[in-house]
Amino acid sequence: MRTSRTALAALAVLALAACGNNQDKTPVAGDNKSDKSPLAEYMGDGFISSGGGMMRATRVGGSGEQTEEDLAKQRKVEDSIVSCMKTAGFDYVAVPPEQKSKSKFAEAFDLPPDKFAEQYGYGISTIDWSKAGAEDDANDPNKKIRDALSKSAQKSYDEALNGKGGANGAVISGGPVGAPGKPQDPGCRGKAFTEAYGDPSKNQEDFKKYDALFKDLEALGKRVENDQRVIDATKGWSDCLADAGHSGFTKIDDPRSSIQKKLDELTGTKPEGPGKADGPSVTIGGPPSFDKVDAAKLGELRKAETELAVADQKCKAKAYDSQFKTVQYELEKEFVAQHKAELEAYRDGMANR
């Protein structure tokens, strides 16, 4: 599978997620990649249909396998940045993707779901995401180059690298999902990504011809969610949680959302987004730091999170997962049969990019 297809499929899935009932973008730990849904053949390995009337890409920030094509494009990006920055009068060291260290955060999300729950709960209050890049920064030769510059030179360096008002490109499976910010001058990084992966605005335009397919996929998610078998399984999961001392949860994502709400209260963060007051916080400039949070209260929340997540995981395994998967796969097979031509067109269109 080509990187561009994987990345673009992930973008489509994340776009659909914004239309669902749940805005949770927390990575999902321990996904079984060998157990692919019927739609995975067409939408990519990162695709999984999920409850809550949404489709979402999982393992964001994880350490999925990358093809040699993925790695070659990343090397091309780094080499292009070196040349561009040299022209701008700055040093830049190309960091081969093979040499980039695997962060402890990626390792955490490689744990099986039950082990992850025991150690990290949902990964909401138990992981300080504001420090997620600190480990990589410590080993980044380009951070050292930038830090050695004066304040004014650092500003020029940043503008040369990222453009004026530009942002770094988000990467999933080696490809740019959220393309680098596209200011008047995209900077060396933006130019390099465009050279390697194509014009991001063109990529997004290409999705418009699949609008009808994406709407049908969203409707499929709602069909799965509203299937009586899934409703009954959800009731069984809710009763199981209540028996374990965690009552009041009626939707599968309620426990996770409840922890996010409590963390927001501790950090003083207000959820932003399309009217989703009960969704996870979206903050400009990155996730909030825990440095100024009351340590005792944070400790209590982390304990509550892991206890709830463990009970949630056990109750899902006991009353929900098997039934949900049965319904999911059954309805996806029907969907594939009814939309085979559109799905093949999407798959082949992405593969040929």
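This is a predicted model: local features need pLDDT of at least 70, side-chain atom pairs count only at pLDDT 80 or more; totals for chains, interfaces and linings use all residues.
Residues are numbered from 1 along each chain as its sequence is written. Local features need pLDDT of at least 70, side-chain atom pairs count only at pLDDT 80 or more, totals for chains, interfaces and linings use all residues, and side-chain values use heavy atoms, without hydrogens and water. Helices are DSSP runs of H or I with at least four residues, numbered from the N terminus.

**Disulfides**

- With bonded cysteines counted along the chain, the pattern is 1-2, 3-4.
- Cys-84 is joined to Cys-188, with an S to S distance of 2.1 Å.
- The S-S torsion of Cys-84 and Cys-188 is about -75 degrees, so this disulfide is left-handed.
- Cys-84 sits in helix H3 (residues 68-87) and Cys-188 in helix H9 (residues 187-197). The pair links distant parts of the chain, 104 residues apart.
- Cys-188 is buried at 3% relative accessibility, where buried means under 20% relative accessible area (1.4 Å probe, protein chains only).
- Cys-240 is joined to Cys-315, S to S 2.1 Å.
- The torsion about the S-S bond of Cys-240 and Cys-315 is about -75 degrees, so that disulfide is left-handed.
- Cys-240 belongs to helix H12 and Cys-315 to helix H14, so the bond ties together parts 75 residues apart in sequence.
- Cys-240 is buried, with a relative accessible area of 15%. Cys-315 is buried too, at 3% relative accessibility.

**Helices H11 and H12**

- The axes of H11 (residues 211-226) and H12 (residues 228-243) come within 5 Å and cross at roughly 55 degrees. Axes are lines fitted to C-alpha atoms over the stretch in contact, and angles run from 0 to 180 degrees between N-to-C directions.
- H11 and H12 are therefore oblique to each other. Angles under 35 degrees count as roughly parallel, over 145 as roughly antiparallel, 65 to 115 as roughly perpendicular and the rest as oblique.
- Val-224, Glu-225 and Asn-226 of H11 contact Gln-228, Val-230 and Ile-231 of H12. Contact means heavy atoms within 4.5 Å.

**Helices H5 and H14**

- H5 (residues 113-120) and H14 (residues 295-338) pack at about 160 degrees, with axes 7 Å apart.
- That angle makes H5 roughly antiparallel to H14.
- From H5, Pro-113, Asp-114, Ala-117, Glu-118, Gln-119 and Tyr-120 take part in the contact. They meet Glu-305, Thr-306, Ala-309, Val-310 and Gln-313 of H14.

Technical notes: Helices (H or I, at least four residues) and strands (E, at least two) are DSSP runs, numbered from the N terminus. A disulfide is a pair of cysteine sulfur atoms within 2.5 Å. Buried means under 20% relative accessible area, exposed over 50%, partly exposed in between (1.4 Å probe, protein chains only).
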